[in-house]
Amino acid sequence: MAQSETSWLRSLGEAVRTRRTKLGLTQQEVSVLAGCGPVFIYDVESGRKATLRLDKLLDVLHVLGLQLALEPGQHRLRVSEPAT
């Protein structure tokens with residue numbers, strides 16, 4: 001896989017890890033709350049697995065108070081900071 005093809009995975013993983021740690025949750029705790037295995041949380045956060053089940057990803061994002069938004073544009077993935 002080319003670097004450009006995986007950079008969005010790393011950005012997604014970093015956003016998930018940052019939010020999880022801000023909430024004071026472990027990967028294990030998030031996996032229980034989201035109804036998935038801890039390996040899935042690791043896969044998301046590591047950004048190394050090119051295929052992720054969307055339903056599981058959405059469950060994890062929901063637990064963390066994050067959302068996935070589809071918008072027209074040129075960016076493959078854009079991580080927005082919460083408004084203060």
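Before I point at anything, a word on helices: they are DSSP runs of H or I with at least four residues, numbered from the N terminus, while strands are E runs of at least two. With that in hand, look just past the end of helix 3, where glycine 47 has a positive phi of about 70 degrees.

What you see is a predicted model, in which local features need pLDDT of at least 70 and side-chain atom pairs count only at pLDDT 80 or more, while totals for chains, interfaces and linings use all residues. Residues are numbered from 1 along each chain as its sequence is written, and side-chain values use heavy atoms, with hydrogens and water left out.

Let's stay with helix 3, which covers residues 38-46 and includes aspartate 43. Is aspartate 43 buried or exposed? Buried means under 20% relative accessible area, exposed means over 50%, and partly exposed lies in between, using a 1.4 Å probe and protein chains only. Aspartate 43 has a relative accessible area of 16%, so it counts as buried. The buried residues of helix 3 are Phe40, Ile41, Asp43, Val44, Glu45 and Ser46.

What does aspartate 43 touch, beyond its neighbours within four places in sequence? Taking contact as heavy atoms within 4.5 Å, the partners are Arg48, Lys49 and Leu52. Leucine 9 sits 34 residues away from aspartate 43 in sequence, and their C-alpha atoms are 9.7 Å apart.

On to the packing of the helices. Axes here are lines fitted to C-alpha atoms, for helices over the stretch in contact, with angles from 0 to 180 degrees between N-to-C directions. Under 35 degrees is roughly parallel, over 145 roughly antiparallel, 65 to 115 roughly perpendicular, and the rest oblique.

Take helix 3 against helix 4 to begin with: their axes come within 11 Å and cross at roughly 85 degrees, so the two helices are roughly perpendicular. Helix 3 brings Phe40, Ile41 and Val44 to this contact, and helix 4 brings Lys56, Leu57 and Val60. By class, that is five nonpolar, no polar and one charged. Nonpolar here covers Ala, Val, Leu, Ile, Met, Phe, Trp, Tyr, Cys and Pro; Asp, Glu, Lys and Arg are charged, and the others, Gly among them, are polar.

Next, helix 2 and helix 3, whose axes come within 8 Å and cross at roughly 115 degrees. That makes helix 2 roughly perpendicular to helix 3. From helix 2, Gln27, Gln28, Val30 and Ser31 meet Pro38, Ile41, Tyr42 and Glu45 of helix 3. This contact divides into four nonpolar, three polar and one charged.

Finally, the core. A nonpolar core is a set of buried Ala, Val, Leu, Ile, Met, Phe, Trp, Tyr and Cys residues joined through side-chain atoms within 4.5 Å. The largest one has twelve residues, including Phe40, Ile41 and Val44. Helix 1 (3-22), helix 2 (27-34), helix 3 and helix 4 (54-63) each give two or more residues to this core. In soluble globular proteins, nonpolar side chains tend to be buried together.
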